[in-house]
Amino acid sequence: MRLKFLKSVLLSIVIILFSTYFTYSQNSVVGTVYDQTDGTPLPHVMIFVNDDPNPELTDMNGNFDIKVKCDSCKLKFHYNVYHEVEEEVFFTAKQKVVKMKVEMVQEAQLMDGIEIMAKKIDNDPVTATSSIMKISPKSSENMNVTDAPAMLNKVGGVAVIDNEPQIRGGSGFSSGMGSRVLILLDNMPLLRPDAGRPMWSFIPMENVKEIEVYKGAASVVYGSSALTGAINVLTNYPSLKPTTKITLHAGIYDSPSSSYKKSWGDVPPLKWGVSFMHSRIIKKNFDLVLGAEYFSDQGYIGPEYPISYAKSNEGQFENRARVNFGTRYRFAKVRGLNVSLNGNFMYSENAQSFFWYDSDTNMYRSYKGSLSVFKDFSFYVDPTIAYAAPDGSYYTLRNRITYSNNKEKTGLQDASSIMVYDEFQYTKSFKKLGVSLCTGIMNNYSSSYGVVFNGDNNSTEPAMMSADNFAPYAQLEWKTLKNKNLTIVFGVRHEFYLINNEFFYKTIHRGGINYQIPASFTSFRASFGQGFRYPSIGEKYISVMIGKYGFYPNTELVPEDSWNAELGIAQPFRVGAFKGIFDVAGYYQHYNNFIEFAFGTWGNHGNFLEDMGFKYFNTGKAAISGVDVSLMGEGNLSPNVFFRFTASYTYSHPVTKMGKDRKNYYLQDSINNYFNTSSDTSQLILKYRIQHTAKLDLEFTFWKKLSLNVAASYYSAMKNVDKMFFDFDAKNENLGYQQQTLVNSMGDLPFEGYANYVEKHKKGSFILDLGISYNILKDLKVSFVVKNVLNNEYTLRPMHVEAPRNFNIQISYGL
């Protein structure tokens with residue numbers, strides 16, 4: 001009996017073991033391995049199961065089917081030049097087959113990912129604590145966009161006027177000196193060392209990955225010049241497949257709507273250019289990018305004399321040639337360590353027109369002596385070291401050396417300058433706490449040598465000016481561990497600034513919160529940030545005569561500071577295959593020692609006409625408030641129709657806070673103030689501000705071949721400018737007898753007819769662009785674009801007319 005019992009037990013054990021083996025043998029993992037970037041299936045990927053030294057392989061289509069004899073397993077996916085992927089799989093009685101989609105990232109792109117994780121600011125528009133907008137070149141590639149300003153003018157709340165970036169009305173016309181918006185290229189400043197002017201032509205548009213726009217004070221994380229925001233242009237590194245792209249474009253200017261105003265003869269001015277880019281990975285760990293551009297624009301602004309007597313390029317024009325390279329070496333023996341060296345070299349010849357000749361017949365001609373002709377050689381080199389440690393820490397040492405040598409035809413605006421930028425940054429994510437730390441130290445040294453910034457309008461001797469900015473900073477970001485729907489940010493920065501023998505310092509802070517409702521993904525954000533901006537060498541020391549007018553130095557100019565508060569809501573949405581986001585924000589920014597560009601009699605020649613010109617002043621307290629609304633989305637309307645759109649509206653209310661007692665004069669002037677220098681003080685609006693902007697951009701793509709594009713923009717007229725523009729307008733009917741006599745004695749002035757022009761265009765400016773493109777082959781595209789279709793005559797800053805209608809064709813070919 002006992003023997004029978006033992007046999008029964010043994011038989012049961014055998015049955016159980018057999019059943020268990022049979023059950024486990026039915027478990028399997030099936031799936032496909034893809035390239036994360038382009039979705040290409042990856043063949044012959046090695047898959048190690050539970051560290052078995054004999055791997056399984058994917059087939060030619062990236063598929064795999066692995067049998068497993070246990071209730072869980074660890075899979076390790078390995079493929080050359082791709083980052084390894086590890087997955088853990090669990091089986092249940094109800095799920096014996098697990099399906100997987102595995103995406104692998106190329107090693108080169110992994111380093112790009114490290115850069116993203118090491119960012120100073122969360123750049124997700126939904127979860128960020130302040131307003132952020134990201135734009136891709138794909139959204140503009142059909143519209144013959146050849147520079148960054150043209151791309152940025154599609155962004156709500158952003159306007160690039162006469163090459164000066166403005167965000168939410170935070171800046172007015174300043175003749176390209178200083179900037180309250182910091183322009184960065186790959187996280188490092190791209191401003192001319194002496195003038196603080198954006199170097200737009202340096203940006204290799206043929207290799208731009210995306211542009212990030214940060215709205216509101218960003219000085220804590222980016223430093224001075226980020227008083228009202230920052231624009232960060234990011235470039236691409238190579239992917240596994242070598243890439244070559246060539247783009248050719250050409251355009252022609254149409255006659256103005258009033259043809260008698262055109263400044264050329266029978267042959268209209270032309271513009272054309274060509275760009276080239278090649279990128280590849282060499283021997284698995286060396287990245288190489290090469291690029292070049294040539295651009296020529298004969299310009300639509302003619303010389304001061306009739307064009308029938310002029311030769312080509314005697315008015316405003318630009319010719320430039322640029323070559324750039326990017327290299328990065330990833331060490332195989334020290335995983336996560338890479339060194340890179342990027343560079344850009346450019347030579348240009350150009351002429352810049354400051355004022356039109358008058359406000360009617362000759363608005364497309366330059367005022368007497370106001371055309372400046374330059375030859376410029378510039379370059380930058382960026383040696384960088386980055387290390388991603390196994391514990392999740394990231395160390396980055398960024399450096400940029402920028403050099404510019406400007407030669408002007410008369411020699412009175414010659415200047416050479418150099419900037420040396422160094423930054424060490426450390427970031428660490430403490431995943432168990434949900435905390436990310438970003439801290440670093442930065443130094444930015446600039447020097448200038450030349451006549452134009454010698455600080456003395458009565459001297460033609462060159463002078464050396466220098467400035468040095470040093471700053472440590474730190475920022476903490478905390479996200480809730482479970483849902484990650486709550487984000488809290490706090491940052492601090494201490495600025496030290498030395499310009500010649502003047503020393504300034506200030507501590508500034510930043511804080512923000514973002515809460516996202518899990519069910520609807522609606523996010524609410526609030527932020528507070530302080531800003532601090534020191535004046536550029538150009539703002540303090542510019543001293544030059546252009547035509548009859550001068551630019552005068554203000555050596556007593558001091559830094560301006562501000563604080564900014566914002567409340568915003570972002571709502572992502574999806575309708576079928578169509579997805580998008582709606583965003584609305586209200587903002588308020590308060591300034592102290594606000595720096596403004598003012599026209600007046602600042603010279604000491606004793607001659608009223610010779611003493612007129614521009615000068616920078618600290619004008620006291622100011623505030624800018626408003627609302628910023630945007631709606632964007634993209635997706636397939638049908639299997640053969642793709643649709644992308646962006647719509648935005650921004651209202652800005654920029655006012656002086658100096659009161660109406662008329663006793664608050666400019667900090668460095670005891671005669672002039674806001675009230676006796678402004679053309680309209682009724683609402684205390686600051687000078688040179690565009691208060692209303694609205695933009696709409698539509699793209700329809702049919703059968704992945706034919707695309708139609710519509711871009712429309714509206715800019716309201718400036719309510720307030722310098723009062724002297726009206727006081728010295730010979731055609732202004734409101735002038736008194738004595739003033740009229742004085743103006744008539746001065747001869748031709750660029751203000752002539754300005755009052756009538758302002759009255760005629762008081763409703764603002766509407767600009768419409770249309771484009772059509774067609775993919776002849778998979779990698780060959782032809783685009784035809786008409787800009788300013790309605791041929792509207794308009795200005796975005798006083799006494800400088802924008803381009804009339806122009807026709808453009810673009811051909812791009814990629815390998």
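Residues are numbered from 1 along each chain as its sequence is written, and side-chain values use heavy atoms, with hydrogens and water left out. Because the model is predicted, local features need pLDDT of at least 70 and side-chain atom pairs count only at pLDDT 80 or more, while totals for chains, interfaces and linings use all residues.

**Paired strands**

Begin by selecting residues 560-575 and 578-592, which are strand 30 and strand 31; strands here are DSSP runs of E with at least two residues, helices are runs of H or I with at least four residues, and both are numbered from the N terminus. The two strands pair in the antiparallel sense over 15 bridges, where pairing requires that DSSP finds at least two bridges between them. Within this pair, Leu-567 has Gly-586 of strand 31 as its bridge partner. At the turn of the hairpin, which has two residues between the strands, select Gly-576 and find a positive phi near 65°.

**Two aspartates with positive phi**

Next, select Asp-162, in the loop between strand 9 (158-161) and strand 10 (164-167), where phi is near 55°, a positive value in a residue other than glycine. Asp-162 counts as partly exposed because its relative accessibility is 30%; on this scale buried means under 20% relative accessible area, exposed means over 50%, and partly exposed lies in between (1.4 Å probe, protein chains only). Move on to Asp-186, which sits in the loop between strand 11 (181-185) and strand 12 (188-189) and has a positive phi of about 55° although it is not a glycine. At 21% relative accessibility, Asp-186 counts as partly exposed.

**A buried lysine**

Select Lys-540 in helix 5 (residues 537-541), a residue that counts as buried because its relative accessibility is 0%. Displaying side chains shows a polar contact between Lys-540 and Glu-502 at 3.0 Å; the term denotes a pair of N or O atoms within 3.5 Å, and within protein one must be able to donate a hydrogen and the other to accept it, residues adjacent in sequence counting only if both atoms are side-chain atoms. Leaving out residues up to four places away in sequence, Lys-540 also touches others, including Ile-499, Pro-535 and Leu-557, where contact means heavy atoms within 4.5 Å.

In strand 21 (residues 393-408), select Thr-402, which counts as buried at 1% relative accessibility. Beyond its neighbours within four places in sequence, Thr-402 is in contact with residues including Pro-193, Phe-379, Tyr-380 and Ile-418. Ala-226, in the loop between helix 4 (219-222) and strand 14 (229-235), counts as buried at 0% relative accessibility. With residues up to four places away in sequence not counted, those that Ala-226 touches include Arg-180, Leu-182 and Gly-216. For a distance check, draw a line from the C-alpha atom of Ala-226 to that of Ala-585, 359 residues apart along the chain, and read a separation of 19 Å.
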